[in-house]
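Here are my notes on this model, as numbered points. Please read them with the structure open.

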Amino acid sequence: MKKLVFLAAICLTAILAGSCEGKADMEPDVVVTEFYTSLTSMDFDKAAEFCVEESSATAYINEYRQVYETSLKRDEKVTNAAAEKAAGCTVSITEVVKNDDSRTVLFTISDVYGSTKEKEARLEKVEKAWKIAEIKDKQ
């Protein structure tokens, strides 16, 4: 029994270490894509994992969450239908610009109706992982 518990502990440690390493290995373009996948799926906590804490990117998530939650209170059926449409948005990376200690990812968001919006995200390294510090409309 002790061997089984020990083996389980080793396996769990390996799995957890592997999952942490995976985020550290994500390239900036993947971070942006995963961020928007989480955000448009209304998984705000997961989206926040891709952001620098207390940055304008986390404020961006909080605004999105507030609109979603307020809309849910007004009309849950319509909000859920809109959330389904939002989940159909796609992100197309157009360029990754390397700066000294940061990266700028230029990308386009396309919705299910064919509308597009060009944006840019500035990422910084935080504990060996790329994190979004800022998101804004492309100038």
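1. Thr79 is buried, at 8% relative accessible area (buried is under 20%, exposed over 50%, partly exposed in between, with a 1.4 Å probe and protein chains only).

2. The model is predicted: local features need pLDDT of at least 70, side-chain atom pairs count only at pLDDT 80 or more, and totals for chains, interfaces and linings use all residues. Residues are numbered from 1 along each chain as its sequence is written, and side-chain values use heavy atoms, without hydrogens and water.

3. Setting aside residues up to four places away in sequence, Thr79 touches Tyr68, Ser71 and Leu72 (contact is heavy atoms within 4.5 Å). Its C-alpha atom is separated by 8.9 Å from that of Glu69, 10 residues apart along the chain.

4. Now the helix pair. The axes of H2 (residues 28-40) and H4 (residues 56-74) come within 11 Å and cross at roughly 20°. The axes are lines fitted to C-alpha atoms over the stretch in contact, with angles from 0 to 180 degrees between N-to-C directions. H2 and H4 are therefore roughly parallel (angles under 35 degrees).

5. Phe35, Tyr36, Leu39 and Thr40 of H2 meet Tyr60, Ile61 and Tyr64 of H4. This contact has six nonpolar residues, one polar and no charged (nonpolar is Ala, Val, Leu, Ile, Met, Phe, Trp, Tyr, Cys and Pro; charged is Asp, Glu, Lys and Arg; the others, Gly among them, are polar).

How values were computed:
Helix = DSSP H or I, 4+ residues; strand = E, 2+ residues; numbered from the N terminus. Parallel < 35°, antiparallel > 145°, perpendicular 65-115°, else oblique.
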